[in-house]
Amino acid sequence: METAAEPENLAGVRHIILVLSGKGGVGKSTISTELALALHHEGKKVGILDVDLCGPSIPRMLRAQGKAVHQCDRGWVPVFVDREQSISLMSVGFLLENPDEAVVWRGPKKNALIKQFVSDVAWGELDCLVVDTPPGTSDEHMAVVEALRPYRPLRALVVTTPQAVSVGDVRRELTFCKKTGLQVVGVVENMSGFACPHCAECTYVFSRGGGEELARLAGVPFLGSVPLDPELTRSLEEGHDLTQEFPKSPAFPALTSIARKILDGLPATLS
Amino acid sequence: MEEVPHDCPGADSAQAGRGTSCQGCPNQRLCASGAGAAPDPAIEEIKEKMKTVKHKILVLSGKGGVGKSTFSAHLAHGLAEDENTQVALLDIDICGPSIPKIMGLEGEQVHQSASGWSPVYVEDNLGVMSVGFLLSSPDDAVIWRGPKKNGMIKQFLRDVDWGDVDYLLVDTPPGTSDEHLSVVQYLAAAHIDGAVIVTTPQEISLQDVRKEISFCRKVKLPIIGVVENMSGFVCPRCKVRAVTEASLSSLKPQIHQPR
């Protein structure tokens with residue numbers, strides 16, 4: 001039986017939320033980043049743990065590419081992405097010499113790094129640790145859930161897009177959550193309709209209704225829909241805070257509402 | 001190989017059979033003897049099996065959700081339009097098998113015969129194989145670690161009776177990990193024509209695609225080309241095109257750089 005993570009480095013973390021999907025490209029990293037930013041705007045101290053080792057997207061989304069990871073006596077110091085040091089981030093992206101370098105590792109090596117990310121990063125005092133995951137239900141997911149086991153309850157936010165091919169994969173992810181004892185706080189439907197910037201007509205590019213249907217099938221709350229928004233894409237491409245750069249973006253109220261619902265659903269110590 | 005402990009250092013690693021996590025593993029003696037480092041006999045078996053397959057093309061991305069499965073399915077249909085061309089589509093996305101849904105084959109089952117597993121035929125000349133056909137419920141999750149996924153891929157390549165095939169297209173999951181390494185290793189002796197890499201215009205996709213290109217270089221997999229999917233959107237009402245930045249040009253230097 002393997003030993004769980006050393007408790008010290010996560011002792012100051014009040015809540016842990018895993019952002020999962022099953023399906024790739026639905027916006028897990030986007031939602032993780034926007035959730036962290038929304039919590040930060042509510043005055044919370046947030047950490048983001050990016051365990052997508054093959055495709056670490058978060059550093060770019062927070063304009064933190066190329067930053068160095070330093071060591072302290074408790075292990076690695078997470079990278080602060082803001083001046084107030086209220087958003088910290090750990091990602092394999094910081095450990096690569098060349099950003100185009102591929103992390104071509106099999107499961108055991110990925111598991112080992114993820115365990116280190118959980119137990120050897122000096123997270124300090126955090127209101128919330130958001131864990132961004134890659135698509136699937138495999139090594140990374142099992143490794144991070146096992147390493148975080150002493151910190152129950154572990155909460156999960158499940159992201160989907162409206163179409164059936166996403167819902168199909170995300171149903172399996174919900175089974176993974178059930179089997180591993182994750183408490184699903186709700187389902188978010190991303191890329192839910194495209195508002196034409198020219199004529200404001202809303203087109204459901206990726207079909208509609210999948211997120212609500214999924215939440216209903218799984219018996220979990222439907223937290224809301226985020227539209228397909230070129231301004232949201234731009235803010236992430238350039239590493240800007242959506243609320244500062246594009247406050248009129250249609251994605252902004254959707255994301256704020258989702259973060260609020262998550263906060264309201266957490267035990268009183270946080271909200 | 002039987003079930004492995006989750007801290008398995010890998011059968012071909014220097015620690016094979018000697019690590020602390022190896023204690024109690026049914027394969028410990030085998031690994032400690034160095035047998036794990038020997039070439040897998042399946043590679044030769046797969047080479048034999050692939051003698052009836054003229055062309056093998058991997059569809060890769062690195063980034064999830066860019067349309068690998070969509071593209072694979074449509075390419076398969078496109079190639080199969082000529083009824084004299086035999087096409088096979090193999091879905092090695094073990095955790096998120098999308099191909100059955102995209103091809104309208106949900107609920108289909110795989111049958112065994114004396115010559116192996118039979119693919120599911122969507123047309124007379126287009127056969128499909130996916131782990132999706134082996135799952136009994138749409139809610140079933142395939143919660144497998146690397147070694148078990150690799151075993152499934154090996155079976156797909158060795159035990160499926162593809163027959164005479166002109167094009168075998170392999171749809172892959174996002175990333176550069178077990179599935180990708182395994183399919184390249186198992187097909188090593190059988191010669192892969194190359195890889196088609198799918199992306200979307202956003203830099204966040206291109207970032208992962210550059211890693212995929214590095215992966216192809218590392219494993220000496222030729223790149224046939226790159227496809228940009230979801231390239232802009234025309235509003236059905238006002239017909240104005242939502243501009244997405246042209247971005248494939250940023251990949252050209254990396255693809256064409258001298259090895």
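Me: What does Arg260(A) count as, going by relative accessibility?
Reply: Arg260(A) counts as partly exposed, because its relative accessibility is 31%. (Buried is under 20% relative accessible area, exposed over 50%, partly exposed in between, with a 1.4 Å probe and protein chains only.) This is a predicted model, where local features need pLDDT of at least 70 and side-chain atom pairs count only at pLDDT 80 or more, while totals for chains, interfaces and linings use all residues. Residues are numbered from 1 along each chain as written, chains are lettered from A and ligands numbered from 1 in the order written, and side-chain values use heavy atoms, without hydrogens and water.

Me: OK, which side chain does Arg260(A) meet in a salt bridge?
Reply: That would be Glu42(A), at 2.9 Å from N to O. (A salt bridge is a side-chain nitrogen of Lys or Arg within 4 Å of a carboxyl oxygen of Asp or Glu.)

Me: And where do Glu42(A) and Arg260(A) lie?
Reply: Glu42(A) is in the loop between α1 (28-41) and β2 (46-50) of chain A, and Arg260(A) is in helix α9 (residues 251-265), so the bridge ties together parts that are 218 residues apart in sequence. (Helices, H or I with at least four residues, and strands, E with at least two, are DSSP runs numbered from the N terminus.) Glu42(A) is partly exposed too, because it comes out at 36%. Glu42(A), Arg260(A) and Asp264(A) are also linked in a network of salt bridges.

Me: How many salt bridges over all chains?
Reply: The count comes to 20. One of them joins Lys101(B) and Glu106(B), with the closest N and O atoms 2.8 Å apart. Lys101(B) is partly exposed, at 27%.

Me: Switching to the two chains: how many residues of chain A are in contact with chain B?
Reply: 51 residues of chain A touch 54 residues of chain B, counting heavy atoms within 4.5 Å as contact.

Me: And how much area do the chains bury between them?
Reply: About 4400 Å², with 54% of it on carbon and sulfur atoms. (Buried area is the accessible area, with a 1.4 Å probe, that two parts lose on being put together, summed over both.) On the chain A side, Val104(A), Arg106(A) and Arg172(A) lose the most, together 17% of what that side buries.

Me: How many salt bridges does the rule find across the interface?
Reply: There are 5 between chain A and chain B. Among the elements giving two or more residues to the chain A side are α2 (58-61), α4 (139-147) and α7 (230-238). α5(A) gives the most, with 9 residues.

Me: Which residue does Arg145(B) meet in a salt bridge?
Reply: Asp139(A), at 4.0 Å from N to O. The pair goes from the loop between β6 (126-130) and α5 of chain B to helix α4 of chain A. Arg145(B) is buried at 14%, and Asp139(A) is buried at 0%.

Me: Are Trp76(A) and Phe117(A) buried or exposed?
Reply: Trp76(A) is buried, and so is Phe117(A).
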